[in-house]
Amino acid sequence: MIKEWRKGYGSLLQAARKDSRSSFRSVGYKEAVTPTIFNLKYDIVGFASVSMMVIIYRAFLELIYQGYIADKWSYYNFQNNTSPELCIVSWVALVVTLPLLFDLVTNQRKSSPLVIVLYLAAFVPSLVMLEKQDASYLFIILLFIYWAVLILAYYALPSFSFAKPKSRTGRNVTVALTVIFVGVVLIVWAVYANFRLMTEFVFVYDVRRESLTYSIPTILDYLLEMSRLVIPCLACYYLSKKNYRVFILLLLVQYFNFCIDGLKTSLYAMAVAVVCYLAYSEDFRRKVIYLFAGVTAVAYLIAVVFNDEAIIEVVIRRVLLMPAMLNQQFFEFFTSNPPDFFAQSFMRYFGLTSPYDRSIPLLIGESLGHPEMWANNGLLSDAMQNLGILGVFVMPWLVVLVLRLYEAAIDEENERIAVSVLVGGSMMLIGSGLFPFLVTHGFLAACLTLRFLPAGLDDLG
């Protein structure tokens, strides 16, 4: 009987391992098993390659910061006060979280590419800034608590789903959304920006200041903001259908969107969406990590060899390191001043009055000595701004709830489009409050668009 039990148990275990491995062949991990950080021994090579890329990425970030940012941009409060103790803490934190990152790479959650981007674009730069800035122990503790709660929420909150609309409804809604958002951008571009065509893509602050004087109707203004994510979503859809005329039209419309107010987010969102769509494959999650490591390496080498710091200034400093630096500014401001409790966000519609008479991003910019600076930021900064220290424990759960909403909005037919668009869209979450990200920046509208996109066999072309 014992021999029969052992034989049966062995057959069951062998079948389970076979099923687990076969399930991961579909996403490019031939020898992986059930995605858990405790099974790294089954894919040591994969774990080593992912870890090496992250370490290379982190190392080049530090080289760029010390060589091209700390001194040149010190007037923006970029410091270079390296602390040996904090350097050790920073690197230990990176190494400790590498198994969790590898789990994100190998698991099959639809939102894992977005979390990988948050890890690479927000958490790792925060570790670099941690050892360079004069940070208080309380800030360091709260920073780690925020990310620990985010990880806990990601594995604890259950998923949910929505019903898929009928094909005809999906086609009609997709056409309607295309017409509406293209029309909104063209109307604002013509009426308020006077058909402006911009050739300057770096120093655009005059255009931004001018755009603040536009008296755009509220509904039109909201639709314009939403279009920054919805139009790339639609563009990738028409590209997937080989409808190149509409695809090129949407590329032009997104460029006109940039010409309206000079916000480079419009260009970033479209460029990242199209590149990710074309590069999407079974091992896309790994490619995201390789992309971050590659961009920082190329930016550093170009600066050294050709003395050209354009990529460093536009991408590394502005997109990666500036939000990490601002986290400490928000912490210092809101540990000395009361939280806003979303009064400058959705709570103003319920009669709540902000304790501040000016926009908080302008106040943060003023605290840095730059009154003209619009110092908007997300994640930890958003938590401190709206709920104070309590927000560090609460806001990560809301962020993960948004990720679950994203998972519910997509299915197998549109997952490639969704990942392509919202991998870039998740970068907006790093530099924006959660609720503006949902409404103003178009995340909800993009999820709605994704849910109504016709199934893979349907064609609008």
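A: A disulfide here is a pair of cysteine sulfur atoms within 2.5 Å. By that test, the whole structure has 0 disulfides. Take Cys-447: its closest cysteine sulfur belongs to Cys-233, 8.9 Å away, which is too far for a bond. From Cys-233, the closest cysteine sulfur is in Cys-236, and at 7.3 Å that is also too far for a bond. Cys-233 comes out as buried at 0% relative accessibility (buried is under 20% relative accessible area, exposed over 50%, partly exposed in between, with a 1.4 Å probe and protein chains only). Cys-447 is buried as well, at 5%.

A word on the ground rules: this is a predicted model, so local features need pLDDT of at least 70 and side-chain atom pairs count only at pLDDT 80 or more, while totals for chains, interfaces and linings use all residues. Residues are numbered from 1 along each chain as its sequence is written, and side-chain values use heavy atoms, with hydrogens and water left out.

Now the rings. Phe, Tyr and Trp (its six-membered ring) pair if their centres lie within 6.5 Å, with planes under 30 degrees apart called stacked, over 60 edge-to-face and the rest tilted. There are 24 such aromatic pairs in the structure. In one of them, Tyr-119 and Phe-123 have ring centres 5.3 Å apart and planes at 35°, so that pair is tilted. Tyr-146 and Trp-147 sit with centres 6.0 Å apart and planes at 75°, so they're edge-to-face. Ring pairs tie Tyr-119, Phe-123, Tyr-146 and Trp-147 into a cluster.

What about burial? Tyr-119 and Phe-123 are both buried. Tyr-119 and Phe-123 share helix 4 (residues 112-132) and are 4 residues apart, about one turn of the helix (helices are DSSP runs of H or I, at least four residues, and strands runs of E, at least two, numbered from the N terminus). An α-helix has 3.6 residues a turn, so residues three or four places apart point the same way.

Rings meet charges as well. A charge sits over a ring if NZ of Lys or CZ of Arg is within 6 Å of the ring centre and within 35 degrees of the ring normal. Arg-109 has its charged end over the ring of Tyr-154, 5.7 Å from the centre. The charged end of Arg-416 is over the Tyr-277 ring, 3.9 Å from its centre.
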